[in-house]
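Please work through the exercises below with the sequence and the coordinates at hand. Each task is followed by a solution in steps.

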Amino acid sequence: MAKLGTRPLMISVVGNDMAGDFLLKYWRSAQLCTDGILQVHDVTTPVVSNVFDGSGELIAGIASVQAVETFLTPSWIYQFSCLISTAPLLMLDANLSPQSLEAACKIAYESGVPVLFEPVSVVKSSRIAPIAQHITCTSPNEIELVAMANALSTQGKYNFIKLEQCNNKTEAVDHLFKMLSPAMFFLLEKGIKLLLVTLGSNGVFICCKEHINIMKDQQMCRMTPFSTQLLKKLEGCFPPGTFVNLSREGSSRTCVFHLPATSASVISLTGAGDCLVGGVLSSLCGGLDIMQSVAVGIATAKASVESEANIPANFSTASIADEARKTLLSAKQIWCQ
């Protein structure tokens, strides 16, 4: 997010080890505030090890994040209540303990701050259940979406069957919508305002009510030089008559949009999901609307997969804007009623 012009405050924990020292030094070199980072002695910095197949797809992962659950307690989070309550948006990671998730949600809810829940994994995605009524937006993949719906359903009736060996993008998207729409609509019924369902190379589904406006206080959104340039390039690039007005009051229609991923020369898929979410959050906080922000997220993810680093050293405003514009011009509304 910092590389996209936003100045986030991270509330997290690291160990007093080489990895922890490196991360703190890196964040400070990027001129980011580290006041929310708790460094604990005799604790290993949280780490995730992933295994990928020959095409770059994740096939296995081992996470060692016990320090997050143990030390990111409600009492530590409450120390930053003032900063949370005046933020344009709060992003929560499902690695937090249920008690800490609830504490953070309470602070945000009482201040009217929108909350994005990042499910992390299929297992931890179920942690949304006790706090669903406080979640504004969530960004699951296909199987995390189904797991979240089943966690909130007494019947556990939702499932996802992957369509194998489909080279037709339209057919693949139609299949995905057919499989995932029951779970998406159910989560909206449970109070979640906005779903950003990541579909890998098939792009993203945006599912929401027609009148959605997740950034309640636009005065908290600060235009940055990066977002200002993006906004100039992205304004007015929707195909005429394609989209409903997401800010229109008095409508209860449910809408689903598909934003495709643009073609990429993949080097590594590591970091793509993080870059997508970071691009969306940075854009929302910078004053862009939902459609524009998701398109920027997709463009940021493309830059990630085309880089050897998990997160590219720099993001080109012109390149991000061009890719986001391509996505918006190819986007389709696939449901609204």
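The exercises that follow concern a predicted model.

**Exercise 1.** Determine the strand order of the open seven-stranded sheet and identify its edge strands.

*Solution.* Step 1: reading across the open sheet gives S5-S6-S7-S8-S9-S10-S11, and the pairing is mixed.

**Exercise 2.** Find the strands across which helices H5 and H8 lie.

*Solution.* Step 1: H5 (residues 98-111) lies across S5 and S6, and its angle to S5 is about 170°. Step 2: H8 (residues 169-189) lies across S8 (194-198), S9 (204-209), S10 (254-259) and S11, with an angle of about 35° to S9.

**Exercise 3.** Describe the largest nonpolar core, and list the contacts of Met184 beyond four places in sequence.

*Solution.* Step 1: this core has 49 residues, of which Leu180, Met184 and Phe205 touch the most other members. Step 2: H8 supplies the largest share, nine residues. Step 3: leaving out residues up to four places away in sequence, Met184 touches Leu145, Phe177, Leu195, Val197, Phe205, Cys207 and Val256. Step 4: a second, separate core holds 43 residues, including Leu230, Cys255, Val296 and Phe315.

Key:
Residues are numbered from 1 along each chain as its sequence is written. This is a predicted model: local features need pLDDT of at least 70, side-chain atom pairs count only at pLDDT 80 or more; totals for chains, interfaces and linings use all residues. Side-chain values use heavy atoms; hydrogens and water are left out. Two strands pair if DSSP finds at least two bridges between them. Helices (H or I, at least four residues) and strands (E, at least two) are DSSP runs, numbered from the N terminus. Contact means heavy atoms within 4.5 Å. Axes are lines fitted to C-alpha atoms, for helices over the stretch in contact, and angles run from 0 to 180 degrees between N-to-C directions. A nonpolar core is a set of buried Ala, Val, Leu, Ile, Met, Phe, Trp, Tyr and Cys residues joined through side-chain atoms within 4.5 Å. Buried means under 20% relative accessible area, exposed over 50%, partly exposed in between (1.4 Å probe, protein chains only).
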